[in-house]
Amino acid sequence: MGFCNSCGRPIVKEDYGTNEDGSLNPEFCKDCYQDGKYTEPDITLTEMIVRKSKEMMEKNPRLPETTATG
Ligand SMILES: [Zn+2]
């Protein structure tokens with residue numbers, strides 16, 4: 001098991017992304033990386049982190065912002 005280098009979620013073999021030749025790419029999950037390409041090529045890592053911390057804030061509204069972003 002590893003972690004997706006793009007979104008950071010834990011991934012098992014079934015979640016691995018795929019390379020252009022169809023082989024598995026254990027660096028990324030299939031939501032982020034398919035057929036040798038990022039599924040969201042325009043998003044930057046910073047934007048992804050901001051998006052994830054916003055999601056966390058929405059799921060845990062009582063969590064102090066310093067904890068979510070820190
Ligand atoms: Zn991912």
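The model is predicted, so local features need pLDDT of at least 70 and side-chain atom pairs pLDDT 80 or more, while totals for chains, interfaces and linings use all residues. Residues are numbered from 1 along each chain as its sequence is written, and side-chain values use heavy atoms, with hydrogens and water left out.

Reader: In what order do the elements of the protein chain run from the N terminus on?

Author: Happy to start there: the protein chain has 2 helices and 6 strands. Helices (H or I, at least four residues) and strands (E, at least two) are DSSP runs, numbered from the N terminus. From that end on, the order is β-β-β-β-β-β-α-α.

Reader: Which protein donors hold the zinc ion?

Author: Donors are N, O and S atoms within 2.8 Å of the metal (3.2 Å for Na, K and Ca), and water is not among the atoms, so sites may look incomplete. Along the chain, the donors of the zinc ion are spaced C-x2-C-x21-C-x2-C. Cys7 lies in the loop between strand 1 (2-3) and strand 2 (10-11) and Cys29 in strand 4 (residues 24-29), so this pair ties together parts that are 22 residues apart in sequence. At 2.2 to 2.3 Å from the zinc ion, the protein donors are the SG atoms of Cys4, Cys7, Cys29 and Cys32.

Reader: What is the geometry of the site of the zinc ion?

Author: Four donors count as tetrahedral if all angles lie between 85 and 135 degrees. The ideal angle for four tetrahedral donors is 109.5 degrees. Here the angles among the 4 donor atoms are 105 to 116°, and the site of the zinc ion is tetrahedral.

Reader: Which residues make up the largest nonpolar core?

Author: A nonpolar core is a set of buried Ala, Val, Leu, Ile, Met, Phe, Trp, Tyr and Cys residues joined through side-chain atoms within 4.5 Å. Buried means under 20% relative accessible area, exposed over 50%, and partly exposed in between (1.4 Å probe, protein chains only); Cys29, at 0%, is buried. The largest nonpolar core has 7 residues: Cys4, Ile11, Tyr16, Phe28, Cys29, Cys32 and Tyr33.

Reader: Is Asp35 buried or partly exposed?

Author: Asp35 sits in the loop between strand 5 (33-34) and strand 6 (37-38). Its phi is near 55°, a positive value in a residue other than glycine. Most residues other than glycine have a negative phi. With 45% relative accessibility, Asp35 counts as partly exposed.

How values were computed: Four donors count as tetrahedral if all angles lie between 85 and 135 degrees; four count as square planar and six as octahedral if opposite donors are over 155 degrees apart and all others between 65 and 115; anything else is irregular.
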